[in-house]
Amino acid sequence: MKKISIGALAVSSTLLSPIAAYAETEVHFWHAFTGRLGELVAAQVEDFNTSQDKYTVVQSHKGNYSETLNAGIAAFRAGEQPQILMVFEVGTATMMAAKGATRPVYEVMAASGAEFDQDAYIGAVKGYYTSTDGDMLSLPFNASTPVLWVNRDAFKAAGVDPDTDLSTWQNVDKTLTALKAGGSDCPLVTAWQSWIHLENFSAYHDVPFASKDNGFSGLDTELQVNGDAQIAHLTAMGQWAKDGKFIYTGRRNEGGANFRAGECALFTESSAGYAGIKSEAKFAFDVRPLPYWEGVGNAPQNTIIGGASLWVMEGHEEEEYKGAGEFLSYLSSSDVQAKWHQDTGYLPITAEASAATKASGFYEENVGTEVAVIQMTAKAPTANSNGLRLGSFDQIRGIIDEELEAIWSGDKSAKDAMDSVVTRGNPLLRRFEQANR
Amino acid sequence: MEKRVFFKGWLLPLLLIAPQILVSAVFFFYPAGQAVWQSLFIPDPFGLSMQYVGLGNFKYLLSDPYYRASFFTTGLFSILVTLVSMIPALFLAIVADRLIKGAGTYRTMLIWPYAVAPAIAGVLWLFMFNTRVGVVSWYLGNLGYDWNHVLNGSEAMGLVVVSSAWGRISYNFLFFFAALQSVPKSIVDAAAIDGARFWRRFWTIVLPLLSPTTFFLLVVNVVYAFFETFGVIHTITSGGPQQSTTILVYKVFADGFVGQDLGSSAAQSVILLVVVGALTVFQFKYIERRVHY
């Protein structure tokens, strides 16, 4: 009896599953999300698959951002690339230069007949992934921007008013001194130092990060991170590090653990840190806009995004591209976006999703979640605040990390360190230019 | 005089070595050849186009002061790993050799760490020395020492050296222990009767007899430090702070797989190939001469 039932099961499963698989066109989607974000992506895919019966999206996790990009590149060389690949913002220039490996999203959308209006996307988000002709090359998926997280309890413990004005670095400077005097061991900590304190810093103060409009208007771009504004900021931070007011914890988001454990008073981190901080922090916190130096550049301009976009890879059947188009269209629909924004703290990518979130009363219930949206969209982006489009940028960030560490440890002055970034980084830009000639 | 033995026929010997040749060809000669070929180009990551640059990649690398500094870092790292993994191993082997009771248990436990993969060893040590929650850094903090390998290059180097050497102590211990067992007891006993104390016996009899093993381990450990410590570096420091733990192998990875600069990465592999070739020649010349079979 037992044997028979197992046999029946085997027969039925071999009979049923191929039918289900062949009836629908498979679209493979490689991404870099684990944990809570991984679950949310899986839910989106599941929802899309059940909403129609023509296409099946198969999602797989391929490691962190760098590893996912590498997996995609290696797969392309082997002819096994997925239809949709998640690439972090740093890899954008690499993908844009790889004509023949990718199919622009606007073309995919036009061919699939799916609903697609480029103007519906928020400018500051879309700008990062749009060609100079205004065509969207990849679909923004998860976009965030840096904000200032405040541990209100730590302020009170140090005898500092948690509602004090923290909009400028001048005020933050005074506050850090007061926090330190009040006994705080960790007044300020940061995540993603290059992204926040150089890339976003430059955009926010409307000063160039690199020539040629930060690389948007040509591969022959050169780094300009050794400008006066950047050096002044890093000099101040180096002094804070020396005085024990700024605690350095690592190149990625290691500082998040310190902040969520309640050890640090201030934390500069992505707005997408919201999910983690909300679930772990056992203290009162709030979100403030990223501070700026009063009187430097045109601050506050707008901050730029971090995160990833979805690229469609070349070398597949037309039917599969239709499926990819349908899926991307589903992902940018207002309901899906609004839910994603509210669950994760990532920015909504369409104005409609932003309005829907506002109308739902989410911002009133979750105070501070709107800060990032306002900070990004309050002003129209300039040539300095559209984003960055630099080749070998992951590697250049590595150089920036090294040189920033030299500042924090007191080995180099901010000027020497940033001059060194320029002399070390420019040859990488030249090699990228040569590789993509 | 060397003895040589000849066999008749050539088909059987050829068949017998064919699998080894095939494996070498597929897993060594083909990829190595590809690396040499690629090192002459600057390709784009997707393999869509290539720019021939001749020896440009090598010129670019050797004119980069950070690449040259990486040689020094690698040398320092290798010497430290070798010393830290060999000296305690020799000490433990001597102590275990003198044990009468429970020697088997000690031996087994001393060999255990060898079973831990480098990347996992890296994570274990990183946990102990984590600047925020690490047990060791907490005790150091209580003693008034502010451990911070995230910013202090020497501390980072110390940590990756210890993490890399730790599992290696077991490996070296095995070889030293076996070598100690083969030291003829009669010579040691004769010296003892003549009145030589332990250290004198060790320096004048045991250590010289261990020299073939020591030389073998020296070279093998240097090669290990050069090529197999990637996992430790990747998990603990990623080459930082600044470039204080960026060894050559790590740079191949960082430039090739983070930077997508395959030309430079291939050129670095070729340079490493030359380095390991030189090391192997050195190994054969030295060990062949010193080892008495």
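**A sheet, a core and an interface**

Guide: In this predicted model, A:L148 stands opposite A:T268 in β9(A).

Visitor: In which sense do strands β6 and β9 of chain A pair, and over how many bridges?
Guide: Strands of a sheet can pair either parallel or antiparallel, through backbone hydrogen bonds. For β6 (residues 146-151) and β9 (residues 266-270) of chain A, the pairing is antiparallel, over 5 bridges.

Visitor: Which strands are the edges of the open sheet in chain A?
Guide: The sheet has 5 strands with mixed pairing, in the order β8-β7-β9-β6-β10. An edge strand pairs on one side only, and in chain A this holds for β8 (246-247) and β10 (285-288).

Visitor: Where does the largest nonpolar core lie, and why?
Guide: This core has 127 residues, of which A:V125, A:C264 and A:L347 touch the most other members. Among the residues that A:C264 touches, leaving out those up to four places away in sequence, are A:C186, A:L188 and A:F259. Because domain 1 (23-144 + 306-359) and domain 2 (146-303 + 381-435) of chain A both give residues to the core, it lies between these two domains.

Visitor: Which element supplies the largest share of the side of chain B that touches chain A?
Guide: At this interface, 23 residues of chain B are in contact with 32 residues of chain A. By class, the chain B side has 12 nonpolar, 7 polar and 4 charged residues. Both β1 (41-43) and α11 (248-258) of chain B supply at least two residues of that side, and the largest share, 4 residues, comes from α11(B).

Terms used: Residues are numbered from 1 along each chain as its sequence is written. Chains are lettered from A and ligands numbered from 1 in the order in which they are written. This is a predicted model: local features need pLDDT of at least 70, side-chain atom pairs count only at pLDDT 80 or more; totals for chains, interfaces and linings use all residues. Two residues are in contact if their C-beta atoms, placed from the backbone, lie within 7 Å. Ala, Val, Leu, Ile, Met, Phe, Trp, Tyr, Cys and Pro count as nonpolar, Asp, Glu, Lys and Arg as charged, and the others, Gly among them, as polar. A nonpolar core is a set of buried Ala, Val, Leu, Ile, Met, Phe, Trp, Tyr and Cys residues joined through C-beta atoms within 7 Å. A residue is buried if 20 or more other C-beta atoms lie within 10 Å of its own, exposed if 12 or fewer, and partly exposed in between; C-beta atoms are placed from the backbone. Domain bounds come from an automatic or database domain assignment. Two strands pair if DSSP finds at least two bridges between them.
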